[in-house]
Amino acid sequence: MVNENRRCGMCSKPIPAHKVQFARRVEQMEVVEKDGKQFKSMNVFANDVFMEFCSHTCWAGRELEVIAAYELKATYPAFQWVASCSRCGAPVNRTKPYVTLNIYEAIDESKPWVNVERMLDDKELAVLCPMCDAPAEAKSEQIVNELADLEPNQTT
Ligand SMILES: [Zn+2]
Ligand SMILES: [Zn+2]
């Protein structure tokens, strides 16, 4: 479904159903046990889309500008339970609510009776410490709860 009111943040074409979105997210990680195995679980409290693009090519055209606007010194951090803030380098404890900037593909699979968006290829552009970007009070409602295999080398 093409929405004529939503335009690509680079080329201004209407946003297609399969699009690239840039969003600020508030999330928190935890370790959960299921069937005797440990998984890391991501709770997403908020996902605010700031910009939409028709393609990765258009995102690539804006990427450096976005990195400069957010004053990011480091981008695309590898997962660590205590990450380094992409702006100031301060530690970010992922077991408490924190802010990330993400770029991902989303496919609009909405039906007339329900709005559904499937996220693909989710990439973390930046992690921000509470001094750089304070997560608002975490809402009790969790909109996403993802389970991923917890690899032994990621527990430290
Ligand atoms: Zn575009
Ligand atoms: Zn910071």
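**View 1. Surroundings of A126, a buried residue of the predicted model.** A126 counts as buried because 26 C-beta neighbours lie inside 10 Å, the class buried requiring 20 or more other C-beta atoms within 10 Å of the residue's own, exposed 12 or fewer, and partly exposed the range in between, with C-beta atoms placed from the backbone. The residue belongs to strand β8 (residues 117-128), where strands (E, at least two residues) and helices (H or I, at least four) are DSSP runs numbered from the N terminus. Leaving aside neighbours within four places in sequence, A126 is in contact with Y70, L72, T75, S86, T100 and L101, a contact being a pair of C-beta atoms, placed from the backbone, that lie within 7 Å. The C-alpha atoms of A126 and K73, which are 53 residues apart in sequence, are 9.3 Å apart in space.

**View 2. Y76 in the loop between α1 (56-69) and β5 (82-84).** Y76 is exposed, since 11 other C-beta atoms lie within 10 Å. Not counting residues up to four places away in sequence, Y76 touches K123, E124 and L125, while 9.5 Å separates its C-alpha atom from that of L101, 25 residues apart along the chain.

**View 3. The hairpin of β3 and β4.** Strands β3 (residues 18-34) and β4 (residues 37-53) run antiparallel and are joined by 15 bridges, strands being paired if DSSP finds at least two bridges between them. V26 stands opposite A46 in β4, and, with 2 residues between the strands, D35 takes a positive phi near 50°.

**Notes.** Residues are numbered from 1 along each chain as its sequence is written. In this predicted model, local features need pLDDT of at least 70, and side-chain atom pairs count only at pLDDT 80 or more.

Technical notes. Chains are lettered from A and ligands numbered from 1 in the order in which they are written. Two residues are in contact if their C-beta atoms, placed from the backbone, lie within 7 Å.
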